[in-house]
Amino acid sequence: FEDEAKADVANPYALASKGSKAQFLSVFGGMKPAEIKRVLKDNNLATRVDMTGKSVSQLVEMLYDRASSKVRERTSSMF
C-alpha cells in the first residue's frame, strides 16, 4: 500500500494487539510524518501538541505505546 492507503486501512489497535512490535513498525515505520500524525489523531491517540517536534521514529513509538496501552486497558476491563 502507499502511505495514504496504509493510513486509511491500518488499524493500530489491531496491530498492537495481535502482531509483534516489529510487524507494527514495519507497517507504520515507512510512512510520512503527516500520515502517522493523521493515524494518531484519527484514533484519538495524540493531540497536535503531543506530536509537535517529534521525529518519525518518535511518532511511531508514540503510536505503538499508546495503541498498546489502550488495548491493555480494554482487555483488563473485560474481566
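Is Y64 buried or exposed, and what is its relative accessibility? At 16% relative accessibility, Y64 counts as buried, a word used for under 20% relative accessible area, with exposed meaning over 50% and partly exposed in between (1.4 Å probe, protein chains only).

This is a predicted model, where local features need pLDDT of at least 70, side-chain atom pairs count only at pLDDT 80 or more, and totals for chains, interfaces and linings use all residues. Residues are numbered from 1 along each chain as its sequence is written, and side-chain values use heavy atoms, leaving out hydrogens and water.

**View 1. The tilted pair of F24 and F28.** Searching the whole structure turns up 2 aromatic pairs. Rings of Phe, Tyr and Trp (its six-membered ring) pair if their centres lie within 6.5 Å; planes under 30 degrees apart count as stacked, over 60 as edge-to-face and the rest as tilted. Here the centres of F24 and F28 are 4.8 Å apart and the planes meet at 40°, so this pair is tilted. Both residues belong to helix α3 (residues 21-28), 4 residues apart, or about one helical turn. Helices are DSSP runs (H or I, at least four residues), numbered from the N terminus. F24 is buried at 0% relative accessibility, and F28 is buried with a relative accessible area of 0%.

**View 2. The edge-to-face pair of F24 and Y64.** With centres 5.0 Å apart and planes at 70°, these rings are edge-to-face. The pair links distant parts of the chain, 40 residues apart: F24 lies in helix α3 and Y64 in helix α6 (residues 56-77). Ring pairs join F24, F28 and Y64 into a cluster.

**View 3. R74 over the ring of Y13.** The charged end of R74 sits 4.8 Å from the centre of the Y13 ring. A charge sits over a ring if NZ of Lys or CZ of Arg is within 6 Å of the ring centre and within 35 degrees of the ring normal.

How values were computed. Helix = DSSP H or I, 4+ residues; strand = E, 2+ residues; numbered from the N terminus.
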